[in-house]
Amino acid sequence: MRAFEILWIVLFRFPPVARIWAVCLILVNLGSLFFFDTIYAQMNFAAIGIGVALMIFIYQRLGFVRLLGIGHILWVPMIAYFLMNLPDTMSHPTLYTWVVAVIVFNTVSLVIDSIDVLRFLRGERAPHYTW
């Protein structure tokens, strides 16, 4: 239930540009369902699952704070693995395109998350959205 609260805050309380970004990020990562027989999709799905669990834990205790971005921490080793093991563009063009999209979108998200977590650590700890 808490995961839906977090999702609804993102989809309905964020400014329009941030909402569009969040929807694109979600859709790119949900692309893992189309490639679930690959290690790429399995790693992505696991990172998302663990990340959501971590975000729910933080949300239950602190609310919608900037620290929630730490939930994407497993994207760091996942992106590193993807970069070192890109699928072959000729034999798996669709998988290649999806993996590159995940790398790009998740890297941008990690930059945003890093800024948010740093702001939290520097004292911006009040929840900035409530449901």
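**Rings, cores and a pocket**

Reader: What does Tyr 96 touch, not counting residues up to four places away in sequence?
Author: Tyr 96 touches Leu 86, Pro 87, Asp 88 and Thr 89, with that limit. Contact means heavy atoms within 4.5 Å.

Reader: What sort of model is this, and how are residues numbered?
Author: This is a predicted model: local features need pLDDT of at least 70, side-chain atom pairs count only at pLDDT 80 or more, and totals for chains, interfaces and linings use all residues. Residues are numbered from 1 along each chain as its sequence is written, and side-chain values use heavy atoms, with hydrogens and water left out.

Reader: Back to Tyr 96. Where is it found?
Author: In helix H5. Helices are DSSP runs (H or I, at least four residues), numbered from the N terminus; strands are E runs of at least two.

Reader: Why does Tyr 96 count as partly exposed?
Author: Because its relative accessibility is 27%. Buried means under 20% relative accessible area, exposed over 50%, and partly exposed in between (1.4 Å probe, protein chains only).

Reader: How far apart are Tyr 96 and Leu 33?
Author: In space, 15 Å from C-alpha to C-alpha. In sequence, Tyr 96 and Leu 33 are 63 residues apart.

Reader: New topic. Where is Phe 35?
Author: Phe 35 sits in the loop between H2 and H3. Phe 35 counts as buried, because its relative accessibility is 14%.

Reader: What is Phe 35 in contact with, leaving aside neighbours within four places in sequence?
Author: Ala 41, Thr 94, Leu 95 and Trp 98. Phe 35 and Trp 98 are 63 residues apart along the chain, and their C-alpha atoms are separated by 9.0 Å.

Reader: And what does Trp 98 touch?
Author: Not counting residues up to four places away in sequence, Trp 98 touches Val 28, Asn 29, Gly 31, Ser 32, Phe 35, Tyr 40, Ala 41 and Asn 44.

Reader: How many residues are in the largest nonpolar core?
Author: There are 16. Trp 75, Met 78, Phe 82, Trp 98 and Val 99 touch the most other members. A nonpolar core is a set of buried Ala, Val, Leu, Ile, Met, Phe, Trp, Tyr and Cys residues joined through side-chain atoms within 4.5 Å.

Reader: Which helices each supply at least two residues of this core?
Author: H2, H3, H4 (75–84) and H5. H5 gives the most, with six residues. Apart from this core lies another, of 15 residues, among them Val 10, Phe 14, Ala 22 and Met 55.

Reader: How many aromatic pairs does the structure hold?
Author: Eight. Rings of Phe, Tyr and Trp (its six-membered ring) pair if their centres lie within 6.5 Å; planes under 30 degrees apart count as stacked, over 60 as edge-to-face and the rest as tilted.

Reader: Are Phe 14 and Phe 64 buried or exposed?
Author: Phe 14 counts as buried, at 18% relative accessibility. Phe 64 also counts as buried, at 6%.

Reader: Which residues do ring pairs link into a cluster?
Author: Tyr 40, Tyr 81 and Phe 82.

Reader: What volume does the largest pocket have?
Author: About 1100 Å³. On a 1 Å grid over the protein atoms alone, a pocket is an open set of points where a 1.4 Å probe fits, with protein on both sides within 12 Å along at least five of seven lines; lining residues have an atom within 4 Å of a point. Grid points are joined across faces, edges and corners, and a volume is the space filled by probe spheres set on the points.

Reader: Which residues lie nearest its centre?
Author: Val 10, Leu 25, Ile 26, Met 55 and His 72, out of 35 lining residues. H1 (2–12), H2 (16–30), H3 (39–62) and H5 (93–121) each supply at least two residues of the lining.
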